[in-house]
Amino acid sequence: MARSIDLEERRRTVSEAAGRVLARDGLGALSVRNVAAEAGLPPSTVRYAFPTQASVREHAIALVFDRTRERIAAIPGDLSTRDRVRAVLVELLPLDEEREVELDVYLALGNAALTDRELRPTLDRVVAEMREWCDRVLVMLAVPEADREYEANRLHALIDGLAMHVARLAPGAAGDWAIAVLDRHVDGLVAGS
């Protein structure tokens with residue numbers, strides 16, 4: 001059992017290092033040597049945890065959504081519906097350094113998955129999970145079931161678009177305007193119910 005836990009911890013360490021390499025240097029720099037150096041580990045340890053380049057990429061993108069899932073799960077359950085919805089949606093925007101790195105990883109690996117058949121199932125799972133969060137938000141807001149598919153597509157597109165715009169803000173610039181856009185969108189959903 002301890003060996004399994006150690007391997008999982010090592011995979012997490014390597015995935016985090018891979019994410020930093022991707023965010024800082026791009027997909028072309030994602031090599032065993034660079035990831036090992038970033039993690040402070042010998043290359044053989046990285047190869048043991050991830051025997052293929054594809055497995056490093058796959059785990060790095062999965063880690064992004066594991067962290068997002070953890071942050072959303074940590075949102076207090078005693079919030080009002082409106083505050084809970086806002087908290088979930090804000091977690092999906094790159095409004096701090098951690099979420100900026102996660103978006104960079106998602107974009108780099110998402111683009112790679114368009115031509116890498118091994119990576120495509122991981123990207124498809126990530127996109128499906130994002131869609132599930134949109135669906136859950138709409139259920140919390142009591143959006144009529146007949147409207148949910150359309151509204152989930154619209155909310156997903158809005159979040160993706162806002163994330164891209166926020167990610168390109170000048171260093172130190174606030175993304176409060178993006179939260180205001182989300183708030184107004186949610187207000188429209190509630191008013192339309």
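Mentor: Start with a pair of helices. The crossing of α6 and α7 is left-handed. This is a predicted model.

Trainee: Which residues of α6 and α7 make the contact?

Mentor: On the α6 side they are Tyr 106, Gly 110 and Ala 113. On the α7 side they are Arg 120, Leu 123, Val 126 and Val 127. By class, the contact of α6 with α7 holds five nonpolar residues, one polar and one charged.

Trainee: At what angle do α6 and α7 pack, and how far apart are their axes?

Mentor: Helix α6 covers residues 97-113 and helix α7 residues 120-140; their angle is about 125°, and the axes lie 8 Å apart. That angle makes α6 oblique to α7.

Trainee: What does the packing of α4 and α6 look like?

Mentor: Helix α4 spans residues 53-73, and its axis comes within 10 Å of that of α6, with a crossing angle of roughly 140°. The term for α4 relative to α6 is therefore oblique, since an angle has to be over 145 degrees to count as roughly antiparallel. The crossing of α4 and α6 is left-handed.

Trainee: Which residues of α4 and α6 are in that contact?

Mentor: From α4 come Arg 57, Ala 60, Ile 61, Val 64, Phe 65, Arg 67, Thr 68 and Arg 71. From α6 come Glu 98, Arg 99, Glu 102, Val 105, Tyr 106, Leu 109 and Gly 110. The contact of α4 with α6 divides into seven nonpolar, two polar and six charged residues.

Trainee: Is the crossing of α7 and α8 left-handed or right-handed?

Mentor: The crossing of α7 and α8 is right-handed. Their axes are 9 Å apart and the angle is about 120°, so α7 and α8 are oblique to each other. The α7 residues in this contact include Val 127, Met 130, Cys 134 and Leu 138. Among those of α8 are Arg 148, Glu 151, Ala 152, Leu 155 and Ile 159. Sorted by class, the contact of α7 with α8 has nine nonpolar, two polar and six charged residues.

Trainee: Glu 151 carries a charged side chain by that scheme. Is Glu 151 buried or exposed?

Mentor: Read the relative accessibility against the cut-off for burial, which is under 20%. Glu 151 has 11%, so it counts as buried. Glu 151 is found in helix α8.

Trainee: What does Glu 151 touch, apart from its neighbours within four places in sequence?

Mentor: With those neighbours left aside, Glu 151 is in contact with Leu 138, Val 143, His 185 and Leu 189.

Trainee: Where in the chain is confidence lowest, and where is it highest?

Mentor: Take the chain as a whole before its parts. The mean pLDDT is 86, and 96% of the residues reach 70 or more. Confidence is lowest in helix α1, residues 2-25, at a mean of 78. It is highest in helix α8, residues 145-167, at 95.

Note on methods. Residues are numbered from 1 along each chain as its sequence is written. This is a predicted model: local features need pLDDT of at least 70, side-chain atom pairs count only at pLDDT 80 or more; totals for chains, interfaces and linings use all residues. Side-chain values use heavy atoms; hydrogens and water are left out. Axes are lines fitted to C-alpha atoms, for helices over the stretch in contact, and angles run from 0 to 180 degrees between N-to-C directions. Helices (H or I, at least four residues) and strands (E, at least two) are DSSP runs, numbered from the N terminus. Angles under 35 degrees count as roughly parallel, over 145 as roughly antiparallel, 65 to 115 as roughly perpendicular and the rest as oblique. A crossing is left-handed if the near helix is turned anticlockwise from the far one by less than a right angle, and right-handed if clockwise. Contact means heavy atoms within 4.5 Å. pLDDT is the predictor's confidence in each residue, from 0 to 100. Buried means under 20% relative accessible area, exposed over 50%, partly exposed in between (1.4 Å probe, protein chains only).
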